[in-house]
Amino acid sequence: MIFMLCALLAGFTSASVLGWLGTVFYLIAYFLLSIRKLKANSILYHFMNLAGAIGMIVHAFFLEDHPNIVVNLVWGGIAVMAMIMILSKKN
């Protein structure tokens, strides 16, 4: 929340801030997976990918960047499907 307020005060748009947050989520999720701090079948990993996708979609929408919107919709959809599968196996 403080990061977003500072970024807005520095002249970034809300969409830009969300795009950067999405990028950070993607990078942290991949980094944690790579160093084996997260597993590919963990809810947190897929939630971070979903959060990243949402941020990137918002940013791409304001830029009218349709290929980026599509790839992140698919990426987010995969994350949602994975979370549903993980949760259904736990029940």
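User: What is the helix and strand content of residues 69–87, and how far apart are the end C-alpha atoms?

Analyst: In this predicted model, residues 69–87 are 100% helix and 0% strand. The end C-alpha atoms lie 27 Å apart. The UniProt record, an unreviewed entry, lists 69–87 as a "transmembrane region", along with 12–32 and 44–63.

User: What does the chain look like over residues 44–63?

Analyst: Residues 44–63 are 100% helix and 0% strand, with end C-alpha atoms 29 Å apart.

User: How do you know that the span of helix α2 agrees with its number of residues?

Analyst: Helix α2 covers residues 14–34, which is 21 residues. At 1.5 Å a residue, α2 should span 30 Å. Its end C-alpha atoms are 30 Å apart, so the values agree. Just after α2, R36 takes a positive phi of about 65°.

User: Why is Y26 called buried?

Analyst: Buried means under 20% relative accessible area. Y26 has 17%, so Y26 is buried. Other buried residues of α2 include G19, G22 and A29.

User: How many aromatic pairs are there, and what makes Y26 and W75 edge-to-face?

Analyst: The count is 2 aromatic pairs. The ring centres of Y26 and W75 are 5.7 Å apart, within the 6.5 Å limit. Their planes stand at 70°, over the 60 degrees required, so the pair is edge-to-face. Y26 lies in α2 and W75 in α4 (residues 66–90), so the pair ties together parts 49 residues apart in sequence.

User: Why is W75 called partly exposed?

Analyst: W75 has 42% relative accessibility.

User: What makes F61 and F62 an edge-to-face pair?

Analyst: Their ring centres are 5.6 Å apart and their planes are at 85°, so the pair is edge-to-face. F61 and F62 are both exposed.

Key
Residues are numbered from 1 along each chain as its sequence is written. This is a predicted model: local features need pLDDT of at least 70, side-chain atom pairs count only at pLDDT 80 or more; totals for chains, interfaces and linings use all residues. Side-chain values use heavy atoms; hydrogens and water are left out. UniProt positions are given in the numbering used here, feature names are shortened, and annotations may be inferred rather than shown by experiment. Helices (H or I, at least four residues) and strands (E, at least two) are DSSP runs, numbered from the N terminus. The expected span of a helix is 1.5 Å times one less than its number of residues. Buried means under 20% relative accessible area, exposed over 50%, partly exposed in between (1.4 Å probe, protein chains only). Rings of Phe, Tyr and Trp (its six-membered ring) pair if their centres lie within 6.5 Å; planes under 30 degrees apart count as stacked, over 60 as edge-to-face and the rest as tilted.
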